[in-house]
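Hi,

Here is the structure I promised to pass on to you. Have a look at it first, and my notes on what turned up are below.

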Amino acid sequence: MARVRAPELLGRGGWIGANPEFGLSALSGKVVVLHFWRYSCINCVRVLSELRPVEERFASEAVVIGIHSPKFPREHDHAAVERAVERLALRHPVLDDPDLATWQQYGVKGWPTLVVIDPEGYVVGGVSGEGSGPVVFSTVERVASEHDAKATLVRGPVTGVWGSMTLSTGIRAVNFPAKVAVDADGRRLALTDTLSGRVVVTDLHGRVEQVCALLTRPQGVRFDGERILVCDTGTDRVLAVDRASGEQTVVADGLASPSDVAVLADGSLLIAEAGRHRLWRVPAGDGDKEVVAGTGQENLVDTDEGAPLLAQPAGVAALPDGGAVFVDADSSSLRVLTPDGRIVTLVGQGLFDWGASDGGPESSAMQYPLGVAVGPAAEGMLPSVFVADTFNGLLREWRGTAWDPGAGTLRTLPAAGLEEPNGLDVLPDGRLVVIDTNHHRVVVAATGEIVPAPIAIDESWLGTAVGEALAAGAGATFAVPYGVDGEPAAGGPGGPPVQVDVSADPPTLLAAGPRRWALDEGTGTVEVTAGEPGEGVLVVAVEATLAGDDDLPVRRSRARHDLVVTAPGPPAPPRQAGEPAPAHDPAGDPAARPGPDPAAASSGRPPPG
C-alpha cells in the first residue's frame with residue numbers, strides 16, 4: 001500500500017504556543033501525534049491525560065500537536081480557545097482551525113481523533129475515541145525505533161515552540177473557578193478553584209474561612225451538613241471533606257469526570273458523570289452507587305422515547321419535593337429527573353442544535369450550559385430553574401407549571417459582562433451567586449440587575465477562628481467572648497497582660513464606646529454596644545503575655561463572629577447581679593437578650609497611656 005504524505009497543517013486562527021510560521025516542515029525528523037479536539041468535548045479533554053505519557057516518555061523524539069476543531073459558535077473565537085488552552089494547562093502547540101480545514105484534509109469524522117505521522121512526513125495511521133492512548137503510545141514507540149535504525153529520527157528540541165503556555169499575567173485570587181454552592185444558612189460559599197486544585201470556603205463578602213487543597217481539577221461542590229462534597233474530576237472521584245478536620249473520604253470512585261453533585265430531598269446524592277453521559281445515585285449514608293439515567297451512549301433521548309440518553313451532564317440541582325434538574329452541555333439542554341424517575345427535556349432539541357432565544361420548547365435555545373440552580377416558586381408555579389448558559393455568556397430562567405416542555409418558558413436575565421459562566425446557586429434573598437470562569441471571579445446578580453457585583457476573595461482572613469454568631473438590637477449592649485491559649489503572666493508596671501481589640505465590618509454595626517481593653521484573664525467577655533441595623537462581622541483580636549519560660553512569651557489570636565444588628569425592640573427587663581442569662585430564642589427579638597452583669601465583668605481597666 002502506497003504511503004500517504006501528511007497534508008500541511010492549516011488553521012485560520014493561527015498557532016497557540018508556537019511561532020506563526022510553525023508547521024510540519026519544522027517537525028521533520030520527529031514522530032508527530034495530531035490530536036483533533038474541541039475544548040467543549042469532555043472525551044477530548046480526557047484524551048489529553050492519555051497523551052501525557054507519550055509527551056513524557058518521548059520528549060526528544062515525538063511532538064504532540066493539538067488541532068482545535070470547533071463544534072459550537074463560541075469555539076470559533078480565538079481568544080476563547082486561548083483561554084481553554086491555559087485552563088487545561090496544555091504544554092504542546094495548538095493550531096486553531098475554525099474552518100475545519102485540517103480536519104477535512106485528514107478526513108476526520110469525529111472528536112477526539114488521533115493521527116500519527118512518521119519522521120519522514122507520512123501518515124502512519126489514525127484512531128478515534130477516548131481510550132486510544134496505549135495504542136498511540138506503542139505506535140510512537142515502534143515508529144521511533146524504526147526511524148532511529150534508519151537514521152531518520154532527529155532527537156532534541158523543536159524550533160518555534162514556546163517553552164511555556166501561560167497566556168496571562170498577574171495574581172488571581174482564584175484561577176478558572178468552576179462551581180459554587182451556598183450553605184443551608186445562606187451565609188457561606190464554597191467554590192472550586194479548579195486550576196489551583198482546591199475548594200475555597202468564604203462568607204458572602206469573600207472572607208476566606210477554609211481551604212481544601214490537594215485536589216485535581218475539582219468541579220462540582222456542595223455543602224452536606226458538616227461536610228463538603230466535591231467532584232475531584234481529575235481523579236474520577238467524589239470526595240467528602242470534613243469541615244472541622246479537613247479529612248477527605250471517598251464517596252464514589254471509578255467515575256469518568258464527575259462534574260457536579262447534589263443532595264436530594266431524601267438525603268441521597270445525585271452525581272453527574274460527564275465523561276460517560278450518566279447520572280448516578282449514592283444512597284444516604286454513602287452506600288454503593290447505582291445508575292439513575294444514561295447508558296454511556298451520547299444523545300438526547302427522554303424516558304418516553306425509550307432508554308434515556310444523556311449528553312455530557314454538567315450541572316445538577318435538587319428539587320425540594322424530590323428529583324432534580326440538570327443541564328446536558330453537549331446537547332445544550334435543560335432536563336429534569338422527575339420525582340418518579342422519568343427524564344424529561346424542558347429545553348433543547350439535539351446534539352447539533354443551539355442558540356440564544358427565549359420562549360417555549362419550539363423556540364427556546366441555549367449554547368453549552370454548564371450550571372443549574374433551583375430557586376423559590378411563585379404562587380401556582382414550580383420552583384424557578386436558573387441556568388448558566390455558558391457559551392452564550394448569559395443567565396437564563398425557566399418557569400413552568402409542570403415538568404413538561406409545553407408547560408414552561410425560558411427567559412434571559414439582564415446580567416451582562418459574563419464570560420463563560422459556569423456554576424451558580426441561589427441565596428436566601430433570591431439573588432444568584434455565579435462563577436464567572438474566564439474572568440476568574442464570583443459575582444452576585446439580582447434577577448433584575450444588569451451589572452453583577454463581584455465578591456472579592458480575601459485570604460487574609462484564613463486562619464481566623466470562626467466563633468459563634470452574635471445578634472443584638474440597635475443600641476443594646478451585648479457580650480463578646482475572647483480567649484487565648486496559655487496562662488497569662490501576672491500584671492506588672494506595664495499593665496495587665498492581656499490586650500483585647502474589637503472591631504466591626506462595617507464599622508457602623510458598633511456604636512460609640514470602648515474598643516480596646518487591658519485585662520488580667522486569658523478568657524472572658526467584653527461588652528460593646530450595637531450600632532446601626534445591618535449584617536457583618538465582628539473581629540476580636542487578643543494579644544497576651546504568657547507566664548513562665550514559654551518559647552513564645554507573647555501569644556496572639558484572632559476570631560470572627562457573624563453579627564446581625566436589628567432595629568431596636570422593647571427594652572429588656574433588668575437583671576440582678578449574678579442572675580443567669582436567659583436562653584436565646586432565635587425567633588424572638590435579639591435586642592431582648594441581656595449581656596453579662598456589669599458587676600461581673602472582667603476586672604479590666606484602660607490600657608496604659
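One thing to keep in mind as you read: this is a predicted model. A search of the whole structure turned up eleven aromatic pairs. One of them joins Phe 352 and Trp 354, whose ring centres are 6.4 Å apart with 50° between the planes, a tilted arrangement. Phe 352 counts as exposed because its relative accessibility is 53%, while Trp 354, at 29%, counts as partly exposed.

Another pair is made by Tyr 368 and Phe 391: the centres are 4.3 Å apart and the planes meet at 25°, so this pair is stacked. The two partners come from distant parts of the chain, 23 residues apart. Tyr 368 is in the loop between β22 (343–347) and β23 (371–377), and Phe 391 is in the loop between β24 (383–389) and β25 (394–400). Both Tyr 368 and Phe 391 are buried.

Arg 3 lies over the face of Tyr 122, 3.8 Å from the ring centre. Arg 207 does likewise with Trp 461, at 5.4 Å from the ring centre.

Now for the backbone. Trp 111 and Pro 112 are joined by a cis peptide bond with omega of about -15°, and Pro 112 sits in the loop between α3 (101–105) and β5 (113–117). A cis peptide bond also joins Asp 505 to Pro 506, with omega of about 5°. Here the proline, Pro 506, is in the loop between β34 (498–505) and β35 (516–519).

Ala 89 is not a glycine, yet its phi is positive, at about 55°. You will find Ala 89 in the loop between α2 (78–87) and β4 (94–96), and with 34% relative accessibility it counts as partly exposed. Glu 420, also a residue other than glycine, has a positive phi near 55°. Its place is the loop between β26 (408–412) and β27 (421–426). Is Glu 420 buried or exposed? Its relative accessible area is 6%, so Glu 420 is buried.

Best wishes

Methods
Residues are numbered from 1 along each chain as its sequence is written. This is a predicted model: local features need pLDDT of at least 70, side-chain atom pairs count only at pLDDT 80 or more; totals for chains, interfaces and linings use all residues. Side-chain values use heavy atoms; hydrogens and water are left out. Rings of Phe, Tyr and Trp (its six-membered ring) pair if their centres lie within 6.5 Å; planes under 30 degrees apart count as stacked, over 60 as edge-to-face and the rest as tilted. Buried means under 20% relative accessible area, exposed over 50%, partly exposed in between (1.4 Å probe, protein chains only). Helices (H or I, at least four residues) and strands (E, at least two) are DSSP runs, numbered from the N terminus. A charge sits over a ring if NZ of Lys or CZ of Arg is within 6 Å of the ring centre and within 35 degrees of the ring normal.
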